[in-house]
Amino acid sequence: MMTLKLLALDEEDLTVVSAQMQDAVFKVGDIDYKPRAGHFMLSANRFAWEASDRGEKGFERRRAALCFKQVKSVRSIGFDRKASDTVLSLLAILFDKEGEGPDGSVELVLSGGGSILLHVDCIEAQLADTGGAWETAMKPRHPGAA
């Protein structure tokens, strides 16, 4: 089993991380923000897209950690942050640059219209598999996709 480890330092890198985290599921209680350290982290069960085209029987999910550094503030909409057992599904990670500098907003777009908005000094994200893989019978489907 190959484990995934990625580092994102610009918008192009963040696009790769977004693709690997597409359809990851996590509980609200798996979100952690340390304001003094400027760290935002979530633990998720990501769909292993890199394994889905191997022609093997079944599909895989893997436990992974996604960490953003240089985070100034975090806002969320579309879910109750106190409902720690609520399951959320990540659709995409987007970046909106503010002005000319490297600072901006990272948006974690969730299914159902929710989102988590991180105001960052710059893009500095890490994605790493933290546990083994397990088989799942279902591959995520998206409307309009082949």
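**Close-up views of a predicted model**

View 1. Aspartate 23 counts as buried, because its relative accessibility is 7% and the cut-off for buried is under 20%. The model shown here is predicted. Aspartate 23 sits in the loop between helix H1 (11-21) and strand S2 (25-27). Its phi is positive, at about 75°, although aspartate 23 is not a glycine.

**View 2. Glutamine 70, another loop residue with a positive phi.** Glutamine 70 is found in the loop between S5 and S6. This residue is not a glycine, yet its phi is positive, near 65°. Is glutamine 70 buried, partly exposed or exposed? With 34% relative accessibility, glutamine 70 counts as partly exposed.

**View 3. The whole protein, for orientation.** Two helices and ten strands make up the elements of the protein. Read from the N terminus, their order is β-α-β-β-β-α-β-β-β-β-β-β. The protein has 146 residues, and 38% of them count as buried. Take the contacts between residues at least 6 apart in sequence: 65% of them join residues at least 24 apart.

**View 4. Phenylalanine 40 and its contacts.** Phenylalanine 40 belongs to strand S4. At 1% relative accessibility, phenylalanine 40 counts as buried. Which residues does phenylalanine 40 touch, leaving aside those up to four places away in sequence? The contacts are Ile31, Asp32, Tyr33, Leu66, Cys67, Phe68, Val71, Val74, Leu108, Ile116 and Leu118. Lysine 72 is 32 residues from phenylalanine 40 along the chain, and the C-alpha atoms of the two are separated by 9.7 Å.

**View 5. The largest pocket and its lining.** Rolling a probe the size of a water molecule over the atoms shows where empty space is left. The largest pocket has a volume of about 160 Å³. Its lining consists of Val28, Gly29, Ile31, Tyr33, Phe40, Val74, Ser76, Phe79, Arg81 and Ile116. Sorted by class, the lining has seven nonpolar, two polar and one charged residues.

**View 6. Phenylalanine 47 and tryptophan 49, an aromatic pair.** The structure holds two aromatic pairs. In this one, the ring centres of phenylalanine 47 and tryptophan 49 are 4.6 Å apart. The planes of these rings stand at 65°, so the pair is edge-to-face, the cut-off being over 60 degrees. Phenylalanine 47 and tryptophan 49 are both buried. For phenylalanine 47, the relative accessible area is 0%.

**View 7. Phenylalanine 47 and phenylalanine 59, a tilted pair.** The ring centres of phenylalanine 47 and phenylalanine 59 are 5.9 Å apart, and the planes are at 45°, so the pair counts as tilted. Phenylalanine 47 lies in strand S4 (residues 39-47), while phenylalanine 59 lies in strand S5 (residues 59-68). The pair therefore ties together parts that are twelve residues apart in sequence. Phenylalanine 59 has 22% relative accessibility and counts as partly exposed. Together, ring pairs link Phe47, Trp49 and Phe59 into a cluster.

Note on methods
Residues numbered from 1 in each chain as written. Predicted model: local features only at pLDDT ≥ 70, side-chain atom pairs only at ≥ 80, totals over all residues. Heavy atoms only, no water. 1 Å grid on protein atoms, 1.4 Å probe; cavity = no way out; pocket = protein on both sides within 12 Å on 5 of 7 lines; lining within 4 Å. Points joined across faces, edges and corners; volume = space filled by probe spheres on them. Nonpolar A, V, L, I, M, F, W, Y, C, P; charged D, E, K, R; others polar. Phe/Tyr/Trp six-rings, centres within 6.5 Å; stacked < 30°, edge-to-face > 60°. Buried < 20%, exposed > 50% of the residue type's maximum accessible area, 1.4 Å probe, protein only. Helix = DSSP H or I, 4+ residues; strand = E, 2+ residues; numbered from the N terminus. Contact = heavy atoms within 4.5 Å.
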